[in-house]
Amino acid sequence: MATGLSVQISEVVKRYDSGLSPLKGVSFQLEAGKFLALIGPSGCGKSTLLKMIAHLREPTSGKLLIGRGEPEERRLAYVFQDAQLLPWRTVLGNVTLPLEILGASKVEQELKARKALERVGLIDFEQYYPAHLSGGMRMRVSLARSLVNEPNLLLLDEPFAALDEVTRLKLDRDLRDLWQESQMTVIFVTHSISEAAFLSDRIILLSKKTGNIQYDLINPLPSHRTQETRALPAFAQLTQDLFLKFQDLEA
Amino acid sequence: MNQKLKKIGLPICAFVAMITLWEFAARIKWINPFILPEPSQILNSLIQDKVELWSALGVTAFSVTISFGLSVVLGISTAILLFTSETVLYAFYPYTIFFQTVPIIAIAPLLVIWFGYGIPAVVASGFIVSVFPVIASTLTGLLSADPALKDLFRLYGATRMQALVKLYLPGSLPFVMNGLRISGGLAVIGAIVGEFLGGVGIGSIIDVARAQQRIDKVFAAVLLASGLGLLLIKLIDLTSYVLLKNWHPSEGSEE
Ligand SMILES: Nc1ncnc2c1ncn2[C@@H]1O[C@H](COP(=O)(O)OP(=O)(O)OP(=O)(O)O)[C@@H](O)[C@H]1O
Ligand SMILES: [Mg+2]
């Protein structure tokens, strides 16, 4: 399995034509293979930053260096808030899509897609259409699609925000396990403090007011996470700490 | 089941009741048969003139099929062309809107001059009125692709061709089918208008029968023409159902 990509962001500014400038000189470095959670109030520019890291949007100024900056080494995947599946394709057809675009052989496409579906527990549903799946299942398909090209940088933008809590806790655990099995770098945008605390190695809190990083901390929790992790005093302390920082921002 | 019975049974009952009332009203001379012939007379014409009517219907069906077929193929290709080149889109799209408003009845005589009497003028007339809804709806469909999905294709480095085939075209299908539904009805109307002047098919029978004051025959011909339109639209509905049933809410995947 390929090693993850590092991410270096220096003095990144994004200004929209409307004059709105959500990001005003953000800088940070993320080592390869880390799991970063990006949190902050609504409208602070989390999605904007994530899209710039994916090269889907250009920064107004500043630099983003992904890995060594060579396009060939880049194998990105992006998970959106709603599953964003192609409704005219079956589950299997949705998961093979990235490989199809990359020009893999039919055999390889299906082999890898089935492996990805197995990892998210949906192997029995490969012939279903998205319209016939629950929201949680659709999100799993989306996750399988993002894993199928064995990304070295996985970007997720509030992927589980619309799901019920039990499903979300389950998917959080699955994602953490998937990451630990691989060596990919993950950047996970969320509104949820406890989700950020549970998943990450590192948490960055963005401020809407300053358009910059407000708080950047290493997650002190043990790296093996289970449901019991959420009951640890350290977990309670971390979420409380984050909550207070978050509150400072809103004030 | 009961609901289905109601949906089919009630319209049939209403139909029988209305026809009976109409027949009755005509028989006791409440209605002037020169204005509105009684149903039995229309039926009579359908039987008596059946060879003439059905062969004319065949000619009309042929023209409609050709003009509708041309509209589908050329309409969708034109929309793709407009979509792939912004220059072409800006240069020509306003005109496609403009042409849509041209009254076919006014230019039908010109078509006869250009294409001569007969089927070519009829096909041209059917095509002209039915192609624009296909262009407009296909283009709308192509332009309304989800921005997040567009990002997804960019992320994986999809070529323009890959994005067109795997994202834009399938995504536009519900729009296209809606356009075809409108276009199918218009193709029949356009062809009949063409036939008024082109001298063939059901349109010509309507024209001649009217001149001979055979109102019953006019009605019989109109009935067949409507049947043709209905058949075409049902075929389009069926195609739409088959293509979209698995994924689009308009075809009941929400059950
Ligand atoms: N295409 C755009 N044009 C103009 N302004 C935009 C555009 N996209 C985002 N913005 C603005 O930039 C700001 C940051 O948007 P962004 O979507 O990055 O926020 P966010 O942190 O992801 O918020 P949320 O948590 O609600 O998703 C918002 O105020 C938004 O209105
Ligand atoms: Mg966002």
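Contact is taken here to mean heavy atoms within 4.5 Å. The structure is a predicted model, in which local features need pLDDT of at least 70 and side-chain atom pairs count only at pLDDT 80 or more, whereas totals for chains, interfaces and linings use all residues. Residues are numbered from 1 along each chain as its sequence is written, chains are lettered from A and ligands numbered from 1 in the order in which they are written, and side-chain values use heavy atoms, with hydrogens and water left out.

Chain B contains ten helices and zero strands, where helices (H or I, at least four residues) and strands (E, at least two) are DSSP runs numbered from the N terminus. The C-alpha atoms of this chain fill a box of roughly 75 × 55 × 25 Å along the principal axes. Among contacts in chain B with a separation of 6 or more, 72% are accounted for by residues 24 or more positions apart. Of its 255 residues, 41% count as buried; buried denotes under 20% relative accessible area, exposed over 50%, and partly exposed the range in between (1.4 Å probe, protein chains only). Chain B exposes about 14,000 Å², with carbon and sulfur atoms supplying 72% of this area. Accessible areas come from the Shrake-Rupley method with a 1.4 Å probe, and for residues only the protein chains shown count as cover.

The size of an interface is often given as the accessible area lost when the parts come together. Between chain A and chain B, the buried area is about 2,100 Å², of which carbon and sulfur atoms give 66%; this quantity is the accessible area (1.4 Å probe) that two parts lose on being put together, summed over both. Leu56(A), Trp88(A) and Ile101(A) supply 33% of the area that chain A buries against chain B, more than any other three residues. In terms of contacts, 26 residues of chain A meet 19 residues of chain B.

Six residue pairs in polar contact (both at pLDDT 80 or more) are found across the interface of chain A and chain B. A polar contact is a pair of N or O atoms within 3.5 Å; within protein, one must be able to donate a hydrogen and the other to accept it, and residues adjacent in sequence count only if both atoms are side-chain atoms. On the side of chain A that touches chain B, β5 (76-79), α2 (91-102) and α4 (135-147) each supply at least two residues. The most is given by α2(A), with five residues.

The rule also finds two salt bridges across this interface, each defined by a side-chain nitrogen of Lys or Arg within 4 Å of a carboxyl oxygen of Asp or Glu. Lys166(B), found in helix α8 (residues 160-198) of chain B, forms a salt bridge with Glu100(A), the closest N and O atoms being 2.7 Å apart. Lys166(B) is buried, with a relative accessible area of 17%. Apart from neighbours within four places in sequence, Lys166(B) is in contact with Leu86(A), Trp88(A), Arg89(A), Leu97(A), Glu100(A) and Phe153(B).

Most residues other than glycine have a negative phi. Gln84(A), although not a glycine, has a positive phi of about 55°; Gln84(A) is found in the loop between β5 and α2 of chain A and is buried, with a relative accessible area of 14%. Gln213(B) likewise is not a glycine and has a positive phi of about 60°. Gln213(B) lies in the loop between α9 (201-211) and α10 (215-244) of chain B and is exposed, at 55% relative accessible area.
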